[in-house]
Amino acid sequence: MAVQSRYFAVGAVVPWARAGVGAVATQAAGRAAYGPEILDLLAHGLEPAKAIERALADDERRETRQLGVVDAEGRAAAFTGSECNQWAGHEAGSCYAAQGNILAGEDVVSEMARAFAQTSESLAERLMAAIEAAQAAGGDRRGQQSAALVVERPGGIPGNREGIDRIVDLRVDDHPEPIRELRRLLDLHTRMGLVLGTYELYERREWGSAIAATEAALARFPDDPLLLYNLACYESLDGRRETALTHLESAVARDSTLREMARGDADFALLAGDPSFLALVEA
């Protein structure tokens, strides 16, 4: 679930997701309680369209609501009430529901759906691409203020110590360019995920595989100091003295705080007496 609005802290009220169940957006004259209520209906076997119908059945203000729902099987449905502020509308298809209100025009929703369908990366990247495309098409005609991105998966991240289903949870509550800021946060989140993804190989002492995984991550983020530092650690443990020194020097040049970390890091035992290493960590 991804969202942007000219509204403070939109991530606190619009996006709702539950691993293995589905995702819900409750917008316009939004009622946040519809998020968990509809997720409960999905969990009890209702299809998205029926869940929306059930949730709105006794709502006297239903025509001011806007809802988008996708279940874990990829079934989707959306509702835009007749009293939502224009332009308001939605588009739903296999595995997605795109909607908005007070938009620059219909292209905002169609571009959102197009970008989601045509992006082939991770779910978080597809959601990010969708709201970036929506903004490029005009977005909320009032402007921008906040944005959020939530992804859940049963079992969370394999090998991750956190043990929760929520694998992405990013919010920008108040910012002149919240989508640009959300992109920055997603890139940071991705970098950290790539860093953590090599630790399992490290713990299994599979130095060669850890080196290969870190090099692949650096192909995407070539200047990340922590990735460079970890690569130096893995190369040192694998007996690759020269490349370990080269990558450690690059890491320290980008983040001087890593110098002190390296000084006492047992992973650099191979380099402990090397004058180049000593000059680097004591500089």
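These are my notebook entries on a predicted model of one protein chain.

**Entry 1: the whole chain**

I started with the overall numbers. The chain has 283 residues, and 45% of them count as buried. Its secondary structure comes to 11 helices and 9 strands. I took the box along the principal axes, and the C-alpha atoms fill roughly 75 × 40 × 30 Å. The accessible surface is about 14,100 Å², with 48% of that belonging to carbon and sulfur atoms. I also looked at contacts between residues at least 6 apart in sequence: 51% of these join residues at least 24 apart.

**Entry 2: a sheet of three strands**

Next I went to the open sheet of 3 strands, which has the order S1-S8-S9 and antiparallel pairing. S1 and S9 (166–172) are its edge strands, as each pairs on one side only. On average, neighbouring strands here are turned by 5° against each other, if direction is ignored.

I then followed the pairings one by one. S1 (residues 2–5) pairs with S8 (residues 146–152) in the antiparallel sense over 4 bridges. Gln4 has Ala147 as its bridge partner in S8. On the S9 side, S8 pairs over 6 bridges, again in the antiparallel sense. There I found Val151 standing opposite Val168 of S9.

**Entry 3: the side chains of S1**

Which residues of S1 point one way, and which the other? Ala2 and Gln4 share one direction, while Val3 and Ser5 take the other. In a regular strand, side chains alternate between the two faces of the sheet. Are the four residues of this strand buried or exposed? I found that all are buried.

**Entry 4: helices on the sheet**

Helix H4 (residues 123–136) lies across S1, S8 and S9, and runs at about 155° to S8. H5 also packs on the sheet, where it touches S1, S8 and S9, and its direction makes about 145° with that of S9.

**Entry 5: Arg183**

What does Arg183 touch beyond four places away in sequence? I found Glu125, Met128 and Glu132.

**Entry 6: Thr26**

My last stop was Thr26, which sits in strand S3 (residues 22–28). Why does Thr26 count as buried? Its relative accessible area is 3%, and the cut-off for buried is under 20%.

I then listed its contacts, leaving out residues up to four places away in sequence. Thr26 touches Val13, Val14 and Trp16, then Arg31, Ala32, Tyr34 and Gly35, and also Gln66 and Leu67. With Arg31 there is a polar pair to note: a polar atom of the Thr26 side chain lies 3.0 Å from the backbone oxygen of Arg31.

Conventions. Residues are numbered from 1 along each chain as its sequence is written. This is a predicted model: local features need pLDDT of at least 70, side-chain atom pairs count only at pLDDT 80 or more; totals for chains, interfaces and linings use all residues. Side-chain values use heavy atoms; hydrogens and water are left out. Buried means under 20% relative accessible area, exposed over 50%, partly exposed in between (1.4 Å probe, protein chains only). Helices (H or I, at least four residues) and strands (E, at least two) are DSSP runs, numbered from the N terminus. Two strands pair if DSSP finds at least two bridges between them. A polar contact is a pair of N or O atoms within 3.5 Å; within protein, one must be able to donate a hydrogen and the other to accept it, and residues adjacent in sequence count only if both atoms are side-chain atoms. Contact means heavy atoms within 4.5 Å. Axes are lines fitted to C-alpha atoms, for helices over the stretch in contact, and angles run from 0 to 180 degrees between N-to-C directions. Accessible areas come from the Shrake-Rupley method with a 1.4 Å probe; for residues, only the protein chains shown count as cover.
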